[in-house]
Amino acid sequence: MMVSISSYLMVALILFCVGLYGALTKRNAVIVLISIELMLNAVNINLVAFSKFGLHPGVTGQIFTLFTMTVAAAEVAVGLAILIALYRNKETVNVDEMDQMKR
Amino acid sequence: MDTLLHYAWLIPLFPLLAFIVIVSFGRQLKEGAALVGILLTGISFGIALLTFWERFQDGASNFKFNVSWLQVGDIVISMGFEVNQLNAMMLVIVTLVSLLVQIYSKGYMQGDERFPVFYQYLALFTFSMLGLVLSPNLLQVYIFWELVGVCSFLLVGYYFFKKEAKAAAKKAFIVTRIGDLGLFIAICLLFWWTGSFEYTQIFDSVALGKLEPWMITLAAILIFVGAVGKSGQFPLHTWLPDAMEGPTPVSALIHAATMVAAGVYLVAATYPLFIASDTALTVVAYVGGFTAIFAASIGLTQKDIKRVLAYSTVSQLGYMMLALGVAGAAGYVAGSFHLMTHAFFKALLFLGAGSVIHAVHTQNVFEMGGLWKKMPITALTFLIGCLAIAGIFPFAGFWSKEAILGAVYGAHRFDLLLIALLAAFFTAFYMFRLFFLTFAGEARGKHQPHESPAVMTGPLLILALLAIVAGFINTPYAPLLSDWLLASDTGNAISHIFGDEVAHAASWLQVVALLISVLGIVLAYLMYVKKKIPADTIPETLPWLYQLSYRKYYVDEIYHAVIVRPLGWIGFILNAFDKYVVDGLVGLTAKITNGIGALHSKAQNGQIQSYGTMVLFGLLVLIIAISLTVQGGGFFGSGQ
C-alpha cells in the first residue's frame with residue numbers, strides 16, 4: 001500500500017503545530033528548546049516527503065535533512081550551554097523571567 | 001582744503017562715547033557719571049559751535065561725506081554725514097540744550113538710585129538726535145529717528161515703578177510708531193520711485209520733474225505723518241502731555257527742545273519735496289494751525305505745571321508747522337527760526353518748572369504760589385521764558401513769532417493768520433496764568449520752598465540769556481539767519497518756485513501781535529493777581545466749555561473707545577483663538593502621538609514568547625489577506 005504525500009504532510013503539520021504550541025506556551029526553557037526541535041523535525045519530514053513525492057524526486061531533500069539534523073545538534077549544544085550559563089546567573093530556566101533586554 | 005566741517009562726524013561720537021563709558025563703568029562711577037556726560041557733551045558742543053561758526057563764514061560751502069555701505073545690484077546704499085546751514089544750526093541747539101540739561105540734572109537727579117542709568121539714556125539720546133541731524137539720506141534718518149524714539153521711551157519710563165510712567169512710556173512709543181509707519185512708507189516709496197535714499201538725489205528728481213505730482217504729494221504727506229507723530233501734532237499729540245511723567249530735565253530735553261523738534265526738522269530738511277506740492281503744504285499749514293489753537297485752548301485750563309508747558313509745546317510746534325506750511329522763503333526761515341528760539345525758551349521753562357517742582361514737591365499749580373521771594377533766580381528766569389514765549393518785545397519769541405505771522409500774512413492766508421493770533425493770545429494768557437499762580441500771591445503749598453542749587457540755576461541763567469538775545473540773530477532790520485539759511489540748496493529750490501522775496505510782517509502786524517500778547521498777560525494778571533475778574537467765570541457760566549478744554553476735548557477718551565478698546569477685543573479674541581484652537585491642535589497632536597506610543601510600549605514587554613505569538617498572528621493575518629485578495633482565491637479559494 002502506498003502512503004500518499006498528504007499523510008506525510010499532515011504528520012509534519014501536526015508535529016509543527018505541537019512544536020509551535022510548546023515553543024510559545026511552555027515556561028521551561030528546556031521544553032521550549034525541545035519544542036523547537038519538534039518544529040525542525042516537522043520540516044525535515046516535509047523535506048524527505050517532497051524529495052520522494054515532489055515534482056523532481058531526488059536525494060537532495062534527504063541530504064538536506066541530514067545537514068539540518070547536524071546543525072540542529074550543534075544548535076542544541078549551544079542552546080543548552082546558554083541555558084546553563086543563564087541558570088548559573090539567574091538560578092532559573094523560566095522563560096518568563098528572561099527579559100533583561102526590556103528591564 | 002581741510003576744514004573743521006570735515007570733522008563734524010565727531011560731534012555725535014562724543015555722546016556715544018559717554019554712553020559706552022557710563023554703560024561700562026556706571027556702577028563704579030555713580031554720580032561721577034554726570035561729569036563724564038557733561039564733559040563729553042561739552043566737547044561735542046564745542047565742536048558744534050566751531051562747526052557752526054565755520055559754516056557761518058562768508059563763502060563757506062556745504063560739506064558732504066559718503067561711503068558706500070551696501071551694494072545691491074546696481075544700487076549703492078551709502079552712509080555719511082552732511083553739514084549744511086539748517087543742520088549746523090540744529091547741531092548747536094541740540095548739543096547746547098543737552099549740555100545744559102545734563103548740568104542741571106546733576107542737581108535735579110541727585111540721590112536718585114539709578115543716576116548713571118539716567119545719564120546713559122541722556123547720552124544715547126543726544127547721540128541719536130545728533131546722528132539724525134547729520135544724516136544725508138533718509139535711511140540713516142530713519143535709523144536715528146527710531147533710536148530717538150527708543151530713548152524717549154526709556155526716559156519717559158524712567159520711573160518705571162510708577163504705573164502712569166509705564167503707561168506713558170508705552171503710549172509715547174506706540175503713538176509715535178503710528179507716525180513712523182508713515183515715514184517708513186514714504187521712504188520706501190521714494191526709494192522705489194527715485195532709486196535713492198539721498199536727499200540730494202531725491203530733490204534732483206523732484207526738480208527735474210521725474211516724479212508725477214501725485215507722487216510728490218503722497219510722499220510729502222507721508223513724511224509729514226512721521227513728523228506729526230514725533231512733533232505731537234494733532235491727531236497724534238496725545239502722547240506728548242502724558243510723556244511729562246518722565247523726570248523734568250527729560251521733558252526739557254526731549255519733549256520741548258530737541259526730539260519733538262525732529263519732526264519739524266524733518267519737514268524743513270525735506271522742504272524741497274513739500275514746496276513741489278501745494279496740497280502737501282496746505283495740509284501742513286492747516287494741521288499746524290489747528291494744532292496751535294487746539295493745544296493752546298487745552299493749555300488754558302490744565303492744573304499740572306508740566307502739562308501746561310507740554311500743551312504749549314504742542315501749540316508752538318503747531319506754529320512751526322504752520323510757518324513751514326505757508327509756502328515760501330519766509331515760512332521756511334520763520335519755522336526754522338522759531339524752532340531755534342523755542343528750543344531755548346522752552347528748555348528754560350521746563351527747567352524752571354523742574355526747579356519749582358524740586359522745591360515744592362508738587363506739580364499742581366494751585367498748591368504753589370508766592371515763590372517769587374523764595375526762589376528769585378528761578379522766578380526771574382521763568383518770567384523771561386514766559387515773556388519770550390508770549391512774544392513780548394524784545395525777547396526771542398517776539399522776533400520768531402513775528403516772522404511766522406509775517407510769513408502767514410505775506411502768503412495772504414488770513415484764516416490762518418487769525419488762528420495764529422488767537423493762539424498767541426491764548427499762549428500769553430495761559431503762560432502768565434501759570435506764572436502768576438506759581439510765583440505771585442500767597443504760598444498755598446505745604447513745603448518750605450528754597451532756591452535750587454547753583455548747578456540748577458546756572459543753566460537757567462544761560463538759557464534766560466539766550467531767550468533774550470537769540471532773537472536778534474534774525475530781526476527784520478538785520479535778517480542774518482534768514483539770509484544765511486536761504487543761501488542753501490533748499491533756499492535756491494524755494495526761490496526757484498516762489499521768488500526771492502522774504503516777507504516780513506507789516507509793522508502794524510507787529511504792533512497788533514504785541515498788543516494781543518499784552519492783552520493776554522493783562523487778563524491773566526486781572527484774574528489771578530488782582531482777582532478783579534473771578535477766575536471761575538468761565539467754569540461757572542459755560543461749564544461744558546471749561547470741561548471740554550480741561551478734559552482735552554476728550555481725545556484720549558475717544559481714542560480709548562474707538563481704537564484701544566476694539567483693538568483690545570480683537571487681541572482678546574485672537575489670543576483665545578491662539579490659546580484654544582491653535583494650541584489645542586498642537587496639544588491634540590502631541591496627545592495622540594503619546595497615546596499611540598504608550599500603547600506600543602505596552603506591547604514591548606520583553607517576553608520572547610509573546611513576541612513569537614504576535615509574529616504568528618501577524619503571519620496568519622498576512623496569509624489570510626493574501627489568499628483573499630490574490631486572483632483565483634489561493635489557499636482558501638472556492639476550488640474552481
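## Helix H6 of chain B

In this predicted model, the buried residues of H6(B) include several alanines: B:Ala165, B:Ala168, B:Ala169, B:Ala172 and B:Ala186. B:Val175, B:Ile187, B:Leu183 and B:Leu190 are buried too. An α-helix has 3.6 residues a turn, so residues three or four places apart point the same way. The cover over these buried residues includes helices H5 (138-156), H7 (199-207), H8 (213-230) and H9 (239-242) of chain B.

H6(B) runs over residues 163-194. Its 32 residues should span 46 Å at 1.5 Å a residue, and the end C-alpha atoms are 46 Å apart, so the two values agree. The helix also has a kink of about 30 degrees, centred on B:Ile178. Just after H6(B) comes B:Gly195, with a positive phi of about 75 degrees.

## Two domains in chain B

Chain B is assigned domain 1 (1-136) and domain 2 (137-533). Their centres, taken over C-alpha atoms, are 22 Å apart. Contact between them involves 35 residues of domain 1 and 48 residues of domain 2.

On the domain 1 side, strand S2 (75-83), helix H3 (85-108) and helix H4 (115-134) each give two or more residues. H3(B) supplies the largest share, 16 residues. By class, this side has 25 nonpolar, 9 polar and 1 charged residues.

## Where chain A meets chain B

Here 8 residues of chain A are in contact with 8 residues of chain B. The chain A side divides into 4 nonpolar and 4 charged residues, with no polar ones.

Terms used. Residues numbered from 1 in each chain as written. Chains lettered and ligands numbered in written order. Predicted model: local features only at pLDDT ≥ 70, side-chain atom pairs only at ≥ 80, totals over all residues. Domains from an automatic or database assignment. Contact = placed C-beta atoms within 7 Å. Helix = DSSP H or I, 4+ residues; strand = E, 2+ residues; numbered from the N terminus. Nonpolar A, V, L, I, M, F, W, Y, C, P; charged D, E, K, R; others polar. Expected span 1.5 Å × (residues − 1). Bend = angle between axes of the 7 residues up to and from the residue. Buried ≥ 20, exposed ≤ 12 C-beta atoms within 10 Å, placed from the backbone.
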